[in-house]
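Here's a quick briefing to read with the viewer open. It goes pocket first, then strands, a helix and a few loop spots.

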Amino acid sequence: MIDSLTNIPSFDALEKTLQDTKHPKLFLIDLKDFKQYNLTYGDETGDFILKTFALSLVDFATNNDMHAFRVEEDEFALVKDMPFDLADMEKLLFLISDFIKAQKYVYKENKLSIKAHIGICLDQNNLLEKAQKALKIAQKENQPFMTYSDFVNMLLEEDEEHICSLLRESIEDGTITPYFQKIIDLKGKVIYHEALIRIVNKNRTIPPKVFLNIAKQKGFYTQMVKLIVKKVTNINNPKAINISCSELFNDELYSLYISNAKNNNTVFELQNDEYLKDERLPKILEDLKSKDILICLDNIDKVDAINNLQVDFVKVKGNLIRLLNVDEKAMLACKQIISTCEEKNIKTIASHINSNSTFEKAKKLGFDYYQGFFFSEPTSDFHN
C-alpha cells in the first residue's frame, strides 16, 4: 500500500490506519494552485514537488508521532492518535502550518514554495468524508484550514442550493455550453474534438466538478444532456461526447443519443465504470456502430477493460500518462494496452499531456493520438 510516485503510504494505507487507530485525528492537506506549477513548469517539476513534499511530510510526521499518506494527485494526509485536547490540537495545527510555510524548493533554477488548504476532522466516525467537506469549504473560502462542524455542513447545504438555482437558470436560458479540446496525431492533424460540458454564467466558466453530481442527484441531468447533445451534434466535423456506460442502459438517454448522433461524425467516449463489464454491452456497441457512431473507451488503465470489446479508440487514464517519466509500472501498463489495441486494430490516445517530456515518452511508446494542455486548453471555439 505504497504510492508509486512518492513512495510513501497510499490512500488504502490511510483507510486501514483510520480503522486501526483508537483516537484518530485527521488532517487532509491540499497543495494550493498545484496545477499551475504543472502548466507553468511542466510535469517533471510538479512530480519533483510532490516527491520532495512527501518525503518532508514523512519526516515531519515521524518527528511528531504521526503518520503521513498521499491520498491522490496533490492531496496528502496526516493522522495523529490522541484524545481530544483543545490546547494540544491548536499546538499541533500550528506545527503543521509552520511546516507547510517552510517548504521552499529550487528545481532547475526555479524557486518554488508551497501553500495549502487543510481540512480537519476530530470526530471518531466517517473521518474521511467529514475532512473532505471541511477541506472543500477551506478551498471555497480560501482559508488555510477548516475543521469539520455543523457550520461546515450548513455552508455546503447553502452551496448546494445555489448550484441548484444556477442549474435551473442555466437550463432555462441555455447557458449549458460545450467546450472543446482537440485530439491530434503526430503531425498535429485534428482527429476529433472532445466536447466538455461547462456552465457560462456572468462571465464565469464553471467546470462540471462543481455541478455535475448535484445535477444527477437533483434531477437536472437529463435536461442538461438534451441541451449539450443537440449543440454538439449540430456540428458536422468529427467530435465526441462523454457518456457514462450506465446511460446506455437508460432507454430515454439512449434514444436521445442515437437520434442526435447517428451518421454525423460523432464519437461516443464511454467512461470506465462498472457497466463496462456488463454482458449486454457488446451488443449495444454493435448497434451503435451500425449507426455509424464511433466508440472510444475512456480512462482505461488495464488491458482487462478492452479484451472483449471491439471499439475504435482507447484513451488511457491520465494518471498513467502523467507517471510515464517516473513509474516503470505505468510504462508497462501503457505498453500492454498499446500492444492489445494494435492486435485489435484500435487506435490509442494518450490524454493529460501537459509537458514536452511526457509527450516524448508517449511518442516512444507508440501512441497513435494525443490530447492535453500541452497542445491546447478546452475552449468554446470549436476550431481552436
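By class, the lining of the second largest pocket splits into seven nonpolar, four polar and three charged residues. Bear in mind that this is a predicted model.

- The lining of the second largest pocket counts 14 residues, and Ser97, Lys101, Lys115, Ala116 and Pro144 are the ones nearest its centre.

- Is strand S3 (residues 75-81) largely enclosed or open? Six of its seven residues are buried, so the rest of the structure largely encloses S3.
- On one pairing, strand S1 (residues 24-31) runs antiparallel to S3, joined by seven bridges. Aspartate 30 sits opposite glutamate 75 of S3 there.
- Strand S2 (residues 66-72) is also antiparallel to S3, with six bridges joining them. Alanine 68 has leucine 78 in S3 as its bridge partner.
- S2 and S3 make a hairpin with two residues between them, and glutamate 73 in the turn has a positive phi of about 40°.
- If you're checking side-chain directions, remember that side chains in a regular strand alternate between the two faces of the sheet.

**The S4-S5 hairpin**
- Strand S4 (residues 104-107) and strand S5 (residues 110-113) run antiparallel, with four bridges joining them.
- Tyrosine 105 is paired with leucine 112, its bridge partner in S5.
- This hairpin has two residues between its strands, and lysine 108 in the turn has a positive phi of about 50°.

- Strand S12 (residues 266-271) is mostly covered, with five of its six residues buried.
- Strand S11 (residues 239-244) runs parallel to S12, and six bridges join the two. Isoleucine 243 faces leucine 270 of S12 across that pairing.
- To get from S11 to S12, the chain goes through helix H9 (residues 251-261), and this β-α-β crossover is right-handed.
- S12 also pairs with strand S13 (residues 294-300), again in the parallel sense, over five bridges. Here glutamate 269 is set opposite cysteine 296 in S13.
- Together with helix H10 (residues 281-290), S12 and S13 make a right-handed β-α-β unit.

**Helix H5**
- Helix H5 (residues 127-140) has 14 residues and spans 20 Å from its first C-alpha to its last, close to the 20 Å expected at 1.5 Å a residue.
- Which H5 residues are buried? They are Leu127, Leu128, Lys130, Ala131, Ala134, Leu135, Ile137 and Ala138. Note that a lysine, Lys130, is on that list.
- After H5 comes asparagine 142, which has a positive phi near 55°.

- Asparagine 265 isn't a glycine, yet its phi is positive, at about 60°. You'll find asparagine 265 in the loop between H9 and S12.
- Is asparagine 265 buried or partly exposed? With a relative accessible area of 44%, asparagine 265 is partly exposed.
- Asparagine 345 isn't a glycine either, and it has a positive phi of about 60°. Its loop runs between helix H12 (328-343) and strand S15 (347-350).
- Asparagine 345 reaches 65% relative accessibility, so it counts as exposed, the cut-off being over 50%.

**Two C-alpha distances**
- Leucine 122 belongs to the loop between S6 and H5. It is partly exposed, with a relative accessible area of 24%.
- Leucine 122 and lysine 25 are 97 residues apart along the chain, but their C-alpha atoms are separated by 5.0 Å.
- Tyrosine 41 lies in helix H2 (residues 34-41) and is partly exposed, with a relative accessible area of 35%.
- From tyrosine 41 to tyrosine 221 it's 37 Å, C-alpha to C-alpha, with the pair 180 residues apart in sequence.

Methods:
Residues are numbered from 1 along each chain as its sequence is written. This is a predicted model: local features need pLDDT of at least 70, side-chain atom pairs count only at pLDDT 80 or more; totals for chains, interfaces and linings use all residues. Side-chain values use heavy atoms; hydrogens and water are left out. The expected span of a helix is 1.5 Å times one less than its number of residues. Buried means under 20% relative accessible area, exposed over 50%, partly exposed in between (1.4 Å probe, protein chains only). Two strands pair if DSSP finds at least two bridges between them. A crossover is right-handed if, with the strands pointing away from the viewer, the path from the first strand over the helix to the second runs clockwise. On a 1 Å grid over the protein atoms alone, a cavity is a set of points where a 1.4 Å probe fits but cannot get out, and a pocket is an open set with protein on both sides within 12 Å along at least five of seven lines; lining residues have an atom within 4 Å of a point. Ala, Val, Leu, Ile, Met, Phe, Trp, Tyr, Cys and Pro count as nonpolar, Asp, Glu, Lys and Arg as charged, and the others, Gly among them, as polar.
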